[in-house]
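Have a go at each task before you read its solution.

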Amino acid sequence: MPVLYGIAAATTALVVTALLAMLLRLPALRLGIVDRRRQRPLPLLGGVAVALVTCLVAAAGEWTRFAPLGSEIGRLLIAAGAVACLGLVADVRRVKARFLVGGTAVAAACVVPYGDTGILLGLVAVGWIVLVTLGFKALDHADALAGTVGVVTAFGVGICAAAEVMDELAVLLSVLAAALTGFLMQNWHPARIGLGA
């Protein structure tokens with residue numbers, strides 16, 4: 001049954017994200033939530049579709065008990081949701097980089113397993129998470145680049161999590177990879193919607 005749930009969850013995430021990204025395009029244009037650095041304004045609510053669908057599909061797995069997440073994955077989802085909200089604020093309003101760095105650092109500090117890493121390595125992990133997050137954000141300058149890197153990364157880390165018998169994390173990452181794939185359907189050149197911050 002967990003395999004069937006995984007297939008259903010990934011398929012749902014892919015289809016719903018593609019549809020939601022398509023639907024969010026017009027409101028983003030009307031509200032002016034666009035990237036103006038390109039030749040034509042590009043709507044920036046694709047990240048909302050990816051984050052929302054990933055969280056909802058993962059929560060559905062927990063709620064139905066087909067794929068219980070556990071408390072650690074729940075904390076990870078809450079922190080990821082907070083970073084997604086922070087990115088949405090950055091898309092809607094111009095904010096200082098230190099606001100993004102600080103918010104991401106706080107979210108990362110809430111999910112690092114200090115019991116396994118110790119305080120010093122935990123702080124290094126927080127710094128690494130912030131650097132990777134900001135680096136990933138910087139990839140959204142070209143059509144399909146951030147989405148493709150995200151799919152490959154989520155899928156690869158999901159395989160590593162499955163090999164380490166971290167099933168909850170593997171399911172979450174497969175749902176994220178599927179949601180990013182759905183987003184890519186709207187982000188291939190010429191992109192109709194961007195990921196945003």
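This is a predicted model: local features need pLDDT of at least 70, side-chain atom pairs count only at pLDDT 80 or more; totals for chains, interfaces and linings use all residues.

**Exercise 1. Contacts along the chain**

Of the contacts in the protein with a separation of 6 or more, what percentage comes from residues 24 or more positions apart?

Solution. Residues are numbered from 1 along each chain as its sequence is written, and side-chain values use heavy atoms, with hydrogens and water left out. Next, call it a contact when heavy atoms are within 4.5 Å. Counting that way, residues 24 or more positions apart account for 66%.

**Exercise 2. Overall build**

Work out the element order of the protein and how its radius of gyration compares with the globule rule.

Solution. Start with the elements, taken as DSSP runs numbered from the N terminus: helices are H or I with at least four residues, strands E with at least two. There are 7 helices and 2 strands, and from the N terminus on they run α-β-β-α-α-α-α-α-α. The radius of gyration is 17 Å, close to the 16 Å that the globule rule gives for 197 residues, so the protein is as compact as a globular protein of that length. (That radius is taken over C-alpha atoms, and the rule is 2.2 Å times the number of residues to the power 0.38.) Along the principal axes, the C-alpha atoms fill a box of roughly 45 × 40 × 25 Å.

Now burial: buried means under 20% relative accessible area, exposed over 50%, and partly exposed in between, with a 1.4 Å probe and protein chains only. By that count, 36% of the 197 residues are buried.

**Exercise 3. The end of helix 7**

Find out which residues Asn-187 touches beyond its sequence neighbours, and whether it is buried or exposed.

Solution. Asn-187 sits in helix 7, which covers residues 167-187. Its relative accessible area is 2%, so Asn-187 is buried. Leaving aside neighbours within four places in sequence, Asn-187 contacts Asp-143, Ala-144, Leu-145, Ile-193 and Gly-194. With Ile-193 you can go down to atoms: a polar atom of the Asn-187 side chain lies 2.7 Å from the backbone oxygen of Ile-193.

Then try Gln-186, also in helix 7. Gln-186 counts as buried because its relative accessibility is 10%. Not counting residues up to four places away, Gln-186 touches Ala-18, Ala-21, Met-22, Ala-191, Arg-192 and Ile-193.

**Exercise 4. Sequence gap against distance**

Solution. Locate Arg-30 in helix 1 (residues 2-31); at 70% relative accessibility, Arg-30 counts as exposed. Arg-30 and Trp-128 are 98 residues apart along the chain, and their C-alpha atoms are separated by 36 Å.

Conventions:
A polar contact is a pair of N or O atoms within 3.5 Å; within protein, one must be able to donate a hydrogen and the other to accept it, and residues adjacent in sequence count only if both atoms are side-chain atoms.
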